[in-house]
Amino acid sequence: MSAPLAAVGKATFGLLDYFGGLSGQIWASTRALPATMPLIGNKYRWKASVRQMMQIGVDAFPMVALMSLCSGFILALQGAGELRKFGAINFVIDLVAVGFTRELGPLITALAVSGRSGSAFSAEIGTMVVTEEMDALRVMAFEPVEFVLAPKFLATLVAVPCLSIFANMSGILAGGIFMFFIAHLPLEQFVKLALNAIQMQDIVSGLIKSTAFATVIVQVGCFEGFRVRGGPESVGIATTAAVVKSTFLVIIVDAIFTAIFYFMGIS
């Protein structure tokens with residue numbers, strides 16, 4: 001009887017320790033953000049942030065666009081299959097436009113960035129820990145959070161919402177292509193109807209979710225990298241953990257925000 005209780009207690013303390021450390025890192029990186037800003041911050045940190053924006057945002061655009069196009073087409077096909085029974089195939093436009101703006105665009109983007117960039121953050125920082133580059137930074141009076149994490153944090157906060165907007169456009173475009181071939185609806189008419197279906201609160205709620213997802217991805221990825229101990233094998237384990245944990249937490253955060261927006265009457 002005592003063994004299961006001890007296991008539960010150990011797991012609970014482990015979770016508290018993990019989220020305590022993660023919270024401390026979020027606070028430290030938030031305080032370091034001004035150092036990465038243009039004009040008021042360090043120009044080298046700003047340049048590092050721009051490089052990260054290119055890697056996280058621009059380089060990921062083809063992947064996010066293709067995933068969104070496929071998802072938009074699948075959503076339109078599945079929705080049309082049911083709505084056609086009620087003679088309401090035109091509601092596919094609302095389904096795709098609102099569904100992507102509120103939910104699918106930010107979520108698809110987060111999953112793509114988590115797998116692509118979250119793992120890269122963990123591998124980069126983990127390698128720096130193993131090769132004692134972090135210790136060298138501290139010896140030279142550089143704070144690792146400001147030097148390594150803060151530029152990634154700023155870049156992710158900028159890149160992920162921008163990618164989400166492009167994901168929304170790609171997913172809605174897929175719905176337009178579907179309606180063009182199935183219902184012979186001109187693309188111009190589709191765009192007009194889709195814009196009528198979307199409200200400002202849908203866009204704002206999607207961008208709020210994107211910002212929260214970006215915070216989860218960069219913080220979990222970097223935290224797993226900082227926790228690396230041992231040799232190169234630990235870097236691989238940390239990289240896998242970064243992807244798994246950030247994906248899981250993105251889903252949890254999505255459910256929380258969706259519930260909040262639902263009870264606020266936004267969705």
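Predicted model: local features only at pLDDT ≥ 70, side-chain atom pairs only at ≥ 80, totals over all residues.

Student: How many helices and how many strands does the secondary structure of the protein chain come to?
Tutor: Read from the N terminus on, the elements run α-α-α-α-α-α-α-α-α. The tally for the protein chain is therefore nine helices and zero strands, where a helix is a DSSP run of at least four residues.

Student: What share of the contacts between residues at least 6 apart in sequence join residues at least 24 apart?
Tutor: The C-alpha atoms fill a box of roughly 70 × 60 × 35 Å along the principal axes, and 44% of the 267 residues count as buried. Among contacts in the protein chain between residues at least 6 apart in sequence, the share that joins residues at least 24 apart is 81%.

Student: How far apart are the mean positions of the positive and negative charges of the protein chain?
Tutor: The protein chain exposes about 14000 Å², with carbon and sulfur atoms supplying 72% of that area. As for the charges, there are 17 positive and 16 negative ones, and the distance between their mean positions is 2 Å.

Student: Which helix supplies the largest share of the nonpolar patch?
Tutor: The patch covers about 910 Å² and is made by L66, L69, L173, I177, F180, F181, I182, L187, V191 and L195. Three helices, α3 (61-83), α6 (144-182) and α7 (187-197), each supply at least two of its residues. The largest share, five residues, comes from α6.

Student: Is F181 buried or exposed?
Tutor: F181 is found in helix α6 and is one of the residues that make the nonpolar patch. Because its relative accessible area is 60% and the cut-off for this class is over 50%, F181 counts as exposed.

Student: Is S170 buried or exposed?
Tutor: S170 also lies in helix α6, and, leaving aside residues up to four places away in sequence, S170 touches A65, S68 and L69. The relative accessible area of S170 is 10%, and since the cut-off is under 20%, S170 is buried.

Student: What is the relative accessible area of L39?
Tutor: Most residues other than glycine have a negative phi. Phi of L39, however, is near 75 degrees, a positive value, and L39 is found in the loop between α1 (2-32) and α2 (43-58). L39 is exposed, with a relative accessible area of 90%.

Student: Where is A141, another residue with a positive phi?
Tutor: Phi of A141 is near 70 degrees, again a positive value in a residue other than glycine. A141 counts as exposed, at 69% relative accessibility. The place of A141 is in the loop between α5 (133-139) and α6.

Student: Which residue meets D202 in a salt bridge?
Tutor: A search of the whole structure finds eight salt bridges, and in this one the N to O distance is 2.7 Å. The pair links distant parts of the chain, 100 residues apart, with D202 in helix α8 (residues 200-226) and its partner in helix α4 (residues 91-130).

Student: How far apart in sequence are the parts tied together by the pair of K245 and E224?
Tutor: The side chains of K245 and E224 meet in a salt bridge at 3.0 Å, N to O. K245 is partly exposed, with a relative accessible area of 31%, while E224 counts as buried at 5% relative accessibility. K245 lies in helix α9 (residues 232-263) and E224 in helix α8, so the parts that the pair ties together are apart in sequence by 21 residues.

Student: Which helix holds both D135 and R138?
Tutor: D135 forms a salt bridge with R138, the closest N and O atoms being 3.5 Å apart. D135 is partly exposed at 41% relative accessible area, and R138 likewise counts as partly exposed, at 47%. The two lie three residues apart, about one turn of the helix, and that helix is α5.

Student: Which residues are linked with K209 in a network of salt bridges?
Tutor: Side chains of opposite charge can pair when their charged atoms come close. In the network that includes K209, the linked residues are E103 and D254.

Note on methods
Residues numbered from 1 in each chain as written. Heavy atoms only, no water. Patch = residues over 30% accessible without salt bridge, like charges linked within 9 Å, V, L, I, M, F, W, Y side chains within 5 Å. Areas by Shrake-Rupley, 256 points an atom, 1.4 Å probe, with all protein chains shown as cover. Salt bridge = Lys/Arg side-chain N within 4 Å of Asp/Glu carboxyl O. Buried < 20%, exposed > 50% of the residue type's maximum accessible area, 1.4 Å probe, protein only. Contact = heavy atoms within 4.5 Å. Lys, Arg positive; Asp, Glu negative; His and termini not counted. Charge placed at Lys NZ, Arg CZ, Asp CG, Glu CD.
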